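Welcome! Please take a moment with the sequence and the 3D view below, and then we will walk through a few places together.

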There are 2 protein chains.
Amino acid sequence: MRVLGVDPGLTRCGVGVVEGVAGRPLTMLGVGVVRTPADADLGRRLVAVEEGIERWLDEHRPEYVAVERVFSQHNVRTVMGTAQASAVAILCASRRGLPVALHTPSEVKAAVTGSGRADKAQVGAMVTRLLRLAAPPKPADAADALALAICHIWRAPAQNRLQQAAALHARSVPPVREVPKGRPA
Amino acid sequence: MRVLGVDPGLTRCGVGVVEGVAGRPLTMLGVGVVRTPADADLGRRLVAVEEGIERWLDEHRPEYVAVERVFSQHNVRTVMGTAQASAVAILCASRRGLPVALHTPSEVKAAVTGSGRADKAQVGAMVTRLLRLAAPPKPADAADALALAICHIWRAPAQNRLQQAAALHARSVPPVREVPKGRPA
């Protein structure tokens, strides 16, 4: 399977493409960063992120896209930009009918280093080793995007089994609509 | 000037088009809600928001788009969806080269009711009166979208003067790049 990992951000959006299957050596097909100028207005920055992601999808034709799940525990300003950049990446993939998976930072760290609390250097070191690179990819956002893609390849078999089970279950019993709590967005 | 107001949301995205200039009676050209199913995956919902906004832009050809500025003081889950829906609306407008303005909820309330802490009913009542409608637009998201458009029409002259002043200033002195604090998104 070929996976595009996206570490979303407005200033630097990390992107990395990894091919392989769980239990076999993985291959890096590309890594980079989509940058947008911090002094441009939000609309132009989102258009630039869209153009960048589209180029990566066109060039590498991934079958899956893995995007970091955004939480708002951090700096509010930063989180809004990250949420908006992630929306653009998810939109680009979904428009093409590509399945999009969201993984939390700790899922990604745990997948590649064995610890959900690993630091950037540890993640970079493991990405370098797993993809047999000469040096850790720079900046950290690029390494994180590769880690997301690796995490997705390794977690995918379990996730796919869950999805298949859910689909089978949905066919055998009438669907139960979840009642959202509070006012929906 | 013709303005599309967007009250962003994943479940209900309010949209309203108002034409007019400050100091003259305003005209409503359209109002509605772009809805996406709460049980669909995030990617499909963002694609549905994009399709909905594109239809409104195609049909009404606004010259400006006014979007509610999202803060994260509320429910974290809700805010993420709102930020992502707003990113799609801003992206759609910017792709067409339309200027996008962000107004805070209290700016909008203050513009149409005179108080930044007005409730939904008050905003609905003033929108009804200002646009000479037979009844308040339902749901509240639709009324809020019209209020955003009205706010933009009334604030635009001042904002445009500020932008012109900033542009003049930028031509007369060398630009100073802001140094972002902490790790940028």
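## Helix α1 of chain A

Just after α1(A), R61(A) takes a positive phi of about 45°. The helix itself runs over residues 42–60 of chain A; helices here are DSSP runs of H or I with at least four residues, strands are runs of E with at least two, and both are numbered from the N terminus. With 19 residues at 1.5 Å a residue, α1 of chain A should span 27 Å, and its end C-alpha atoms are 27 Å apart, which agrees. The expected span is 1.5 Å times one less than the number of residues.

Buried means under 20% relative accessible area, exposed over 50%, and partly exposed in between, using a 1.4 Å probe and protein chains only.

## How to read the model

This is a predicted model, in which local features need pLDDT of at least 70 and side-chain atom pairs count only at pLDDT 80 or more, while totals for chains, interfaces and linings use all residues. Residues are numbered from 1 along each chain as its sequence is written, chains are lettered from A and ligands numbered from 1 in the order in which they are written, and side-chain values use heavy atoms, leaving out hydrogens and water.

## The nonpolar core

I53(A) also belongs to the largest nonpolar core, which has 48 residues; I53(A), V6(A), I53(B) and V6(B) have the most contacts inside it. Such a core is a set of buried Ala, Val, Leu, Ile, Met, Phe, Trp, Tyr and Cys residues joined through side-chain atoms within 4.5 Å.

Leaving out residues up to four places away in sequence, I53(A) touches V6(A), C13(A), V15(A), V34(A), A89(A) and C92(A). Contact means heavy atoms within 4.5 Å.

## A loop residue in chain B

T36(B) sits in the loop between β3 (27–35) and α1 (42–60) of chain B. Is T36(B) buried or exposed? T36(B) counts as buried because its relative accessibility is 5%. Beyond its neighbours within four places in sequence, T36(B) is in contact with L10(B), T11(B), R45(B), A48(B) and V49(B).

## Two copies

Chain B can be laid on chain A by a turn of 180° and a shift of 0.0 Å along the axis, with an RMSD of 0.0 Å. The two copies are therefore related as by a two-fold rotation axis. In chain B, the C-alpha nearest that axis belongs to Q84(B), 2.6 Å from it.

Notes. Copies are superposed by least squares on the C-alpha atoms of residues with pLDDT of at least 70 in both.
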